[in-house]
Amino acid sequence: MAVSMKNLDPAFQGAGQKAGTEIWRIENFQPVAVSKSSHGKFFAGDSYVILKTTALKNGALRHDIHYWLGKDTSQDEAGAAAIKCVELDAALGGRAVQYREVQGHETEKFLSYFKPCIIPQEGGIASGFKHVEAEEHQIRLFVCKGKHVVHVTEVAFARSSLNHDDIFILDTKSKIFQFNGSNSCIQERAKALEVVQYIKDTYHDGKCDIAAVEDGRLMADAETGEFWGFFGGFAPLPKKATTNEQKSIDLPSKLFCVEKGEAVPIGADSWTRELLETNKCYILDCGKEVFVWMGRSTSLDGRKSASNVVDELLRGLDRPKSHVIRVIEGFETVAFRSKFESWPQSTNVTVTEDGRGKVAALLKRQGINVKGLLKAETPKEEPHIYIDCTGDLQVWRVDGQKKTLLSSSDQSKFYSGDCYIFQYSYPGDEKDEHLVGTWLGKQSVEEDRVAASSQASKMVESLKFLPTQACFYEGNEPLQFFAIFQSFIVFKGGVSKGYKKYIAEKELSDDTYSDEGLALFRVQGSGPDNMQAIQVEPVASSLNSSYCYILHSGSSLFTWSGNLTSSDSQEIVERQLDLIKPNMQSKLQKEGAESEQFWDLLGGKSEYPSLKIAREAEADPHLFSCTLTKGDLKVTEVYNFSQDDLMTEDIFILDCHSDIYVWVGQQVESKTKMNALTIGQKFLERDFLHEKLSLQAPIYIVMEGSEPIYFTRFFSWDSAKSAMHGNSFQRKLAILKGDTPVLDKPKRRTPVSYTGRSAAPEKSNRSRSMSFSPDRVRVRGRSPAFNALAATFENSNARNLSTPPPMVRKIFPKSVTPDSAKLASRSAAIAALTSSFEQPPPARQFIIPRSPKLGPETSKSTPETISRQNSVEESKPKPETIQEDVKENEAEDDEGLPVHPYERLKTTSTDPAEDIDVTKRETYLSREEFKEKFGITKDVFYKMPKWKQNKLKMALQLF
């Protein structure tokens, strides 16, 4: 059902076309637009229509329509507002949720549009706005309620209005007092201060004093005495009167069908989706909330009739202040669906593209040109990695209550049957930041999973809860995890005692990876700093046309390229081969042209998929306040949230669907902090938004004051606020009075300018890279902040393989091998300088710089290097470059590199050349000898794909 634009009220023309809030006041039963400058001003004698349009991550617009009824508005005006809501919704496509808002009983969602509060004024259009501002300031008394949004109600200026349970604001001519009832909570007191600020700015032009008065302090200070002076002096307060609203209890739900303008009860033992017919409207009365469900096939008049029926029903039940929420079939709210015993999950499967992909892959296997069959994939911007990738990493493998520190050459090789703990220290915006996480393999046993989580929590606790804690499951790792490890391999099986015991008890075969056995790896990733090799079942059905694979068995080694892969994917395979089988020549198999030996190793041909494995997409974030009581988790959603909603006494969960963040305030008890991971796991189990949350979604535990950028990006963040002393009330009072003391912040070892994934000038992006050679140590640093922790969890006599001695590297184009670092006897001044400027990767690194695309003359600064450094160079002065002198008697080629003969550059040379970048041996050949050996010029060579370059280099023993 839709409304023709010619029948749409002119005031609604163009409404809801962009994100924002639009408001109309009902004047003579017609909507009249309210100017932006008057948004948030409501008159008690009027009715309003409010449209909130939200732009979602997927590009769509979501509409929420509210109609607000002042306490003095007429019944006819209220009815007109309700009808206009139905018309507006129909014009917007019939997908909006509609809410009835009664003055003093507004929903938290509505109030969140007008933070910190709304204070309706007396008068209205019907009374001619007879609310002339008095020349003298009138003393007013307000009561404030709410932890997340504040309901503000003006009450009689009398001592009898005060009580011990609520917070009151006394607005006088020269000073605003906030009176905190002795039984009120800290969070409500803090929120009320935002109302004090609003009153100060709105009614006093920001010029008046502020005073906080604590209930029970009697006449302890001058401000308290001044406050009580307005009430004729101090006297004991009466007990709070019990209102009808407080007496109300939850009533059993009742379902009505709207027929011929009447609500007809439906008798049923339980409510199910099947009871609702698409050509009818229904009313679900849940007491405080009343829902109106409108079928997609109902007419506009039928929906208007249902709106009138629910108003009459509530008047007859003497419940005019109940929340009324109208929903359209197919766009029901979570709250409405939760009232039914069974509600089918909606599916949004794009079968069309799936079919296209399968047909394209099938035809391509048969040698048919499929150009035009598949949609041209729009170039997607690589997802931003909100973490600095030049930090220091250590990894432990968990074995029951023990854990073993892995050497740098093994710390990116995990087993699916094991669990791991990793700690990563990296430069943040203002200080070093730390991440302590667990990785739980799919085949790991519960004993190891519990032990890993427990030990990681103890590590975080021992560091006074400064690090962010994370829990990742195999197959659900976030991009930050892969960015930290850069290259990542997952082997089948496991080596922990718990895993071995489990398969022995279950009499299962041990399929733990063997270097000489049969193994198939799916290779995936977006580039050299994000690539993974995942061991899968060695059968044909494990293949996928969108990936490349590595298959080995004994002396046989194959690489397989799916028809939907790119040259970049094939290059990643070459890089992963150097880790899995570094000394073997592979045979390339293209999809559709495989050898019989290849299929024999996989047990014969079979059908396999063609679409890439989908990752959970990050959705629009939702913030929840959480309380865990006796194992029962209760949450309250905070709408239109900001940093100010994060209260230091509480725990909040930021739900982004693909992962969740558990934010823990500084004032939360240590025992509760230790349960933060449990709270996150229970949140996933409960799935409060009915969004099909994965139970293995990544969970981050974020501590107040140590929030990483991948959390703060969801807010307009001010780090000074999260570093303040005191509880929420004390902090906001300090800000209100202009006194904002902050905690001392730990500083970084070396100042680093961090912009996205770009490294700082003094630290290369590839300084964390690991050598291809299994015997070569991956050069990693170590955070001083974790030295104490390492002393607790490591054997003091054992050498820390993840932390070799620091070494001084020479400036590009020459590289220093770890062994040649011993020969670096330059002065300390050179060492200091080289640590301050950008350094090149060490020799034989795990991340090989991409080959130049334009020729060897670009080898000094590849496009990739330039793009990664641009943001740093724009924000900081360009550092001077130190150029190494060419050794005496050494020749130079056209690019300024020293020239060495082929016999000294070979990997098998008995007299190898020193001080070269062993990942680019060919660059040290003269142009003449290069053409003699390769049969082509350097220009032609560097225009080839990387994997082809590597093949030629391997044949000449230069790789």
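Author: Start with pairing: two strands pair if DSSP finds at least two bridges between them. Helices (H or I, at least four residues) and strands (E, at least two) are DSSP runs, numbered from the N terminus. In this structure, Ile 26 has Pro 31 of β2 as its bridge partner.

Reader: What kind of model is it, and how are residues numbered?

Author: It is a predicted model, in which local features need pLDDT of at least 70 and side-chain atom pairs count only at pLDDT 80 or more, while totals for chains, interfaces and linings use all residues. Residues are numbered from 1 along each chain as its sequence is written, and side-chain values use heavy atoms, with hydrogens and water left out.

Reader: How many helices and strands does the protein chain have, and what percentage of its residues count as buried?

Author: The protein chain has 25 helices and 32 strands. Buried means under 20% relative accessible area, exposed over 50%, and partly exposed in between (1.4 Å probe, protein chains only). By that rule, 52% of the 959 residues are buried. Accessible areas come from the Shrake-Rupley method with a 1.4 Å probe; for residues, only the protein chains shown count as cover. The protein chain exposes about 44,500 Å², with 50% of it supplied by carbon and sulfur atoms.

Reader: Back to pairing. Which strands pair with β1, and over how many bridges?

Author: β1 (residues 20-27) has six of its eight residues buried. Four bridges pair β1 with β2 (residues 30-33) in the antiparallel sense. Six bridges join β1 to β3 (residues 47-55), also running antiparallel. There, Gly 20 has Thr 53 of β3 as its bridge partner.

Reader: Which residue in the hairpin of β1 and β2 takes a positive phi?

Author: Asn 28 does, with phi near 55°; the hairpin has two residues between the strands. The hairpin of β25 and β26 likewise has two residues between its strands, and Gly 554 takes a positive phi near 60°.

Reader: What surrounds β25?

Author: β25 (residues 548-553) is mostly covered, with five of its six residues buried. Five antiparallel bridges join β25 to β23 (residues 519-527), where Val 523 stands opposite Cys 548. Six antiparallel bridges join β25 to β26 (residues 556-561), and Leu 551 stands opposite Phe 558.

Reader: What is the strand order in the open sheet of seven strands?

Author: The order is β18-β22-β24-β23-β25-β26-β27, and the pairing is mixed. β18 (413-415) and β27 (587-590) are at the edges with a single partner strand each, so one side of each has no neighbour in the sheet. A parallel pair in this model is β22 (residues 487-491) with β24 (residues 530-536), joined by four bridges; Phe 488 has Gln 532 as its partner in β24.

Reader: And the open sheet of five strands: what is its order?

Author: It reads β7-β6-β8-β9-β10, again with mixed pairing. The edges are β7 (151-155) and β10 (209-214); each has a single partner strand, so one side is left without a neighbour in the sheet. β6 (residues 140-145) and β8 (residues 167-171) pair in the antiparallel sense over five bridges, with Cys 144 partnered by Ile 167.

Reader: How do I read helix angles and contacts?

Author: Axes are lines fitted to C-alpha atoms, for helices over the stretch in contact, and angles run from 0 to 180 degrees between N-to-C directions. Contact means heavy atoms within 4.5 Å. Helix α4 (residues 222-229) lies across β8, β9 (175-180) and β10, at about 95° to β9.

Reader: Which helices pack on one another?

Author: Contact residues include Glu 571 of α12 and Trp 947 of α25. Another pair is α1 (residues 75-91) and α6 (residues 300-316), whose axes come within 10 Å and cross at roughly 145°. Among the residues making that contact are Ile 83 and Val 86 of α1 and Leu 300 and Arg 303 of α6.
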